[in-house]
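Take a look at the chain shown here.

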Amino acid sequence: MNQAIYKAMRAHLNTLANKPPIAYLNQPFTPSGVQYFREGFYSAEPNHLAVEYGGVTDYQGFYQVEILTPANSGSAEMDKASALSEHFKRGAYSGFEITRCNWVKIDNEGAYSVIRFMVYYRALS
């Protein structure tokens with residue numbers, strides 16, 4: 001189930017208009033000095049909501065999209081953080097539900113300024 005959630009969230013990210021290149025999990029990527037996204041997927045142990053066999057399973061975790069922008073690029077990183085906030089609004093989507101989102105500016109990484117955007121999800125099966 002976790003792979004299905006990851007694939008659904010990744011597919012949703014790919015529908016974002018005007019997105020920069022994306023460094024996907026476990027795929028080679030070489031930054032080229034322009035803004036890009038770097039994704040991550042983190043899941044918790046599933047929680048079984050019924051005592052008997054065959055009950056409902058609750059999957060929770062978060063999908064992370066880091067926005068890496070060349071340092072001193074003005075408001076470009078904030079514009080993408082706002083776009084991601086709008087794109088990953090709280091609610092039900094195909095294959096997952098978004099319970100909340102938040103983002104935080106973290107230290108620079110080499111020549112890049114970094115914002116970490118986290119989308120907390122839940123899926124029942």
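Predicted model: local features only at pLDDT ≥ 70, side-chain atom pairs only at ≥ 80, totals over all residues.

The questions below go from the overall fold to a salt-bridge network and then to one serine.

Q: Among contacts between residues at least 6 apart in sequence, what share joins residues at least 24 apart?
A: The C-alpha atoms of the protein chain fill a box of roughly 55 × 30 × 25 Å along the principal axes. Of the 125 residues, 38% are buried. Among contacts between residues at least 6 apart, the share joining residues at least 24 apart is 61%.

Q: How far apart are the centres of the positive and negative side chains?
A: The protein chain carries 11 positive and 11 negative side chains. The structure holds 5 salt bridges. The centres of the two charge sets lie apart by 4 Å.

Q: How many residues apart in sequence are the parts that E66 and R38 tie together?
A: The side chains of E66 and R38 form a salt bridge, N to O, at 2.6 Å. E66 sits in strand 4 and R38 in strand 2, so the pair ties together parts whose separation in sequence is 28 residues.

Q: Is E66 buried or exposed?
A: The cut-off for buried is under 20% relative accessible area. E66 has 6% relative accessibility, so E66 counts as buried.

Q: Which strand holds E109, a salt-bridge partner of R38?
A: E109 and R38 meet through their side chains at 2.9 Å, N to O. R38 lies in strand 2, and the pair ties together parts 71 residues apart in sequence; E109 lies in strand 6.

Q: Which residues do salt bridges with shared partners join into one network?
A: R116 and E66 also meet in a salt bridge, at 2.8 Å, N to O. This pair links strand 7 to strand 4, 50 residues apart. Salt bridges that share partners build one network of R38, E66, E109 and R116.

Q: With which side chain does the side chain of S113 make a polar contact?
A: S113 is in strand 7. At a relative accessible area of 8%, S113 is buried. Beyond four places in sequence, its contacts include I67, T69, E77 and N108. The polar contact of its side chain, at 2.5 Å, is with the side chain of K105.

Key: Residues numbered from 1 in each chain as written. Heavy atoms only, no water. Buried < 20%, exposed > 50% of the residue type's maximum accessible area, 1.4 Å probe, protein only. Contact = heavy atoms within 4.5 Å. Lys, Arg positive; Asp, Glu negative; His and termini not counted. Charge placed at Lys NZ, Arg CZ, Asp CG, Glu CD. Helix = DSSP H or I, 4+ residues; strand = E, 2+ residues; numbered from the N terminus. Polar contact = N/O pair within 3.5 Å; in protein donor to acceptor, adjacent residues only side chain to side chain. Salt bridge = Lys/Arg side-chain N within 4 Å of Asp/Glu carboxyl O.
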